Amino acid sequence: MFKLWATIVKDFRVLVRDGIGLSLMFVMPVVLVVVVTDIQNSTFALINKNKMPILICNRDTGESSVQLIEAINKIGMFKVFRLPENQDVESITGAMKQRDALLGIVIPGDFTRKVKAKSKNVAGKALTSFGLQADTVQKNAGDIDPLTLYYNPVLQEQLRFSVQGGLRTALQLVESRETLRSLYFSINEKPLPAKLEDEMLNNKAAINEIPVSKNGTLSAPNAAQHNVPAWTIFAMFFVIMSLGGSVVREKVSGSFIRLKTLPTNYLVGLLSKQITYVAVTVLQAAVIFSLGIWIFPLMGLPSLNIPLDIPGLFVVTLICGWCAVSYAICVGVFAETHQQSNGFGAISIVILAAIGGLMVPSFAMDTSLKTWSNFSPMHWCLQAYYGLFLEGGRLRDVLGNLIPLILITLALQLITFFGLKRKNLI
Amino acid sequence: MVATDALAVHIANLGFHYPGNDGLTFSNLNLKVGKGERFGLFGPNGAGKTTLLSLMAGLLSADEGSIHLLGLDVGKHNKEVNKLFGFVPQDFSFYEELSPVENMEFFGAWSGLTSHQIKTRTGELLHILGLENVRNKPVDKFSGGMKRRVNLAIGVMHNPAILILDEPTVGVDVQTRHAIINYLMELNKKGTTLIYTSHQLSEAEGLCQQVALIDDGQIIVQDSLTELLKEHRQESLEELFLNLTGKAYRNDV
């Protein structure tokens, strides 16, 4: 026990004197978590708070295009800027750059005429199907010319789909209104009353959003709830930059030769490193969580809500840290040089993070990637944290994620042991 | 002839080669060093000195034959054997970011000493080796000579019965060399067997009673220095060395 304690003290002393290693383990993840949360929060704010600037060039002179622009305004996603109707493509894209707008829409010249024609056609078909005589059926109403949507390529696909969805809703509203008006006029030979039109078109059922949580009391998750746990895991695994290098340095340095001639098994040294660095990972998590709770609100970012099961959070953090440390030691044992350890370590962590769902959520991955994600320890770490942070679960609720994580950790320990044996290091 | 139970080191019919390397090979190598002797192993670069010391220290495993330290087989009783000897490698074998005291606390614990023993020995050794005033400073700021003294101090922390030294004075100034050699003589007077290798032959002449010359993995001669000089009609160890190993360059690849 004394040997282990002396080794832990030694490892701690070596660690605190490694300024670069410490900054990689603490400063870098803190910067990362702040930047990523801020970016995601800004994206959220862009859509929901600040509104996305959109330029509209209306070449139509009828009422449908005006209704469409009103409907786009009502969606709440966009801040509409009107452009003169005679703008060509270059002028529109130029204006987009000038106004820093990511989107531009051109409404075609005969938009109203075609919307009306199509609406009459649809209404006529509907009347015919009711068994009523329709005098409004036009055989060749033709399709409505498409709206042209210009977008900045930096706009992510997901966001673009969201924009398209909003525009389709606006378009649908305009077409439905015209169809309703036509139907009403054909039946009653008078215009559709505004109140009825409003009731028919705008009285949609409300959507109640309720996050599914284990305890049923969870508030809507924010960018901090998503990002802080994810990047805490990344930080934990990034101890490889210090620990993997430390194992290699010890292995190739003279000190290891001395250690091999002393009556103590090197496994004591590895056990000490595990204890020391697991403590570091727990400290990393404590620092990053504290940042999320207390510093984020001061920076205008959403605050991190800590799970109710604090002991559970500690156990999950401990197991995630143990896995991260085991991975770092394993890489350190097999690497021949510091460069190998750092290079492989950094790249493999990014890959494990990517397939583990830290960068893109696992549910958005295709089937083969989802299968691969099961092999990433970060995936199980993230699922366990999400179980606590996002779903309001307790330790027992995330055991299903911890068991694979422990199995991966034990496998890493076993591989390390055989690596040491094969290299005659123990 | 030294009786077996009076031997500190007994190497019998040793065979060794580096895996996948056609270079240095030991074949049927035999060597005996008595308890309490100051034994010097000399040879040109690549002759096998460091390899032989590494085999004695259990850092390498013999292919054939046996190595016994104070009657214990190095290959079979590694942990027990490791308590018997101290090893001072040619490379600095400590944590440069730590101070001498911190290094000695750690290596002392790994040598099996108690906390109290470590404290006592650290105080003694830092005093003897002139490192008291830098005891808490990180070693990476030390000169080469100071690092050599730290290297030695760690090697003798647990008062080993046998001390294996691989070029312990390489690259140091005259004062440090003098201090190290004096300290080794002191240790030997207290009963420590010294197994020593160096290219400083004049230094070795003053230190070693028994000498072996090794070349190309073979022990060429082994006897007391006085006897060898007499037998080969040479004035100094350096002359004897050149006479027996030749004057051609050795390229150790």
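Me: Let's start with N159(B): is this residue buried or exposed?
Reply: Relative accessible area is sorted into classes with a 1.4 Å probe on the protein chains only: under 20% is buried, over 50% is exposed, and anything in between is partly exposed. N159(B) counts as exposed because its relative accessibility is 52%. This is a predicted model, where local features need pLDDT of at least 70 and side-chain atom pairs count only at pLDDT 80 or more, while totals for chains, interfaces and linings use all residues; side-chain values use heavy atoms, leaving out hydrogens and water. Residues are numbered from 1 along each chain as its sequence is written, with chains lettered from A and ligands numbered from 1 in the order in which they are written.

Me: What is the phi of N159(B)?
Reply: The general idea first: most residues other than glycine have a negative phi. N159(B) is not a glycine, yet its phi is positive, at about 50 degrees. N28(B), also not a glycine, has a positive phi of about 50 degrees. N28(B) belongs to strand β2 (residues 25–34) of chain B and is partly exposed, with a relative accessible area of 48%.

Me: What phi does G246(B) take?
Reply: G246(B), which comes just after α9(B), takes a positive phi of about 85 degrees.

Me: Which residues of helix α9 of chain B are buried?
Reply: An α-helix has 3.6 residues a turn, so residues three or four places apart point the same way. In α9 (residues 237–245) of chain B, the buried residues are L237(B), L240(B), F241(B) and T245(B). They lie on the same side of α9(B), because they cover an arc of only 105 degrees around the axis (the arc is taken over the directions from the helix axis to the C-beta atoms).

Me: What covers the buried residues of α9(B)?
Reply: The cover includes β3 (38–42), α7, β9 (210–215), β10 (218–224) and α8 (225–231) of chain B.

Me: Which residues does Q284(A) touch?
Reply: With residues up to four places away again not counted, Q284(A) touches M25(A), F26(A), P29(A), A235(A), M236(A) and V239(A). Q284(A) is part of helix α11 of chain A and is buried, with a relative accessible area of 1%.

Me: On to the interface. How many residues of chain A are in contact with chain B?
Reply: On the chain A side there are 24 residues, in contact with 31 residues of chain B.

Me: What is the area buried between chain A and chain B?
Reply: The size of an interface is often given as the accessible area lost when the parts come together. Buried area is that loss, found with a 1.4 Å probe and summed over both parts. Here the area is about 2,500 Å², with carbon and sulfur atoms giving 64%. R258(A), T261(A) and P263(A) supply 29% of what chain A buries against chain B, more than any other three residues.

Me: How many salt bridges are there between chain A and chain B?
Reply: A salt bridge needs a side-chain nitrogen of Lys or Arg within 4 Å of a carboxyl oxygen of Asp or Glu. The count between the two chains is four. One of them pairs R13(A) with E102(B), whose closest N and O atoms are 3.6 Å apart.

Me: Which helices of chain A supply residues to the side that touches chain B?
Reply: α1 (2–16), α9 (240–252), α10 (254–260) and α11 (266–298) of chain A each supply at least two residues. The largest share, seven residues, comes from α1(A).

Me: What is K260(A) in contact with?
Reply: Leaving aside neighbours within four places in sequence, K260(A) is in contact with N424(A) as well as L59(B) and N82(B). K260(A) lies in helix α10 of chain A and is partly exposed, at 23% relative accessible area.

Methods: Contact means heavy atoms within 4.5 Å. Buried area is the accessible area (1.4 Å probe) that two parts lose on being put together, summed over both. Helices (H or I, at least four residues) and strands (E, at least two) are DSSP runs, numbered from the N terminus.
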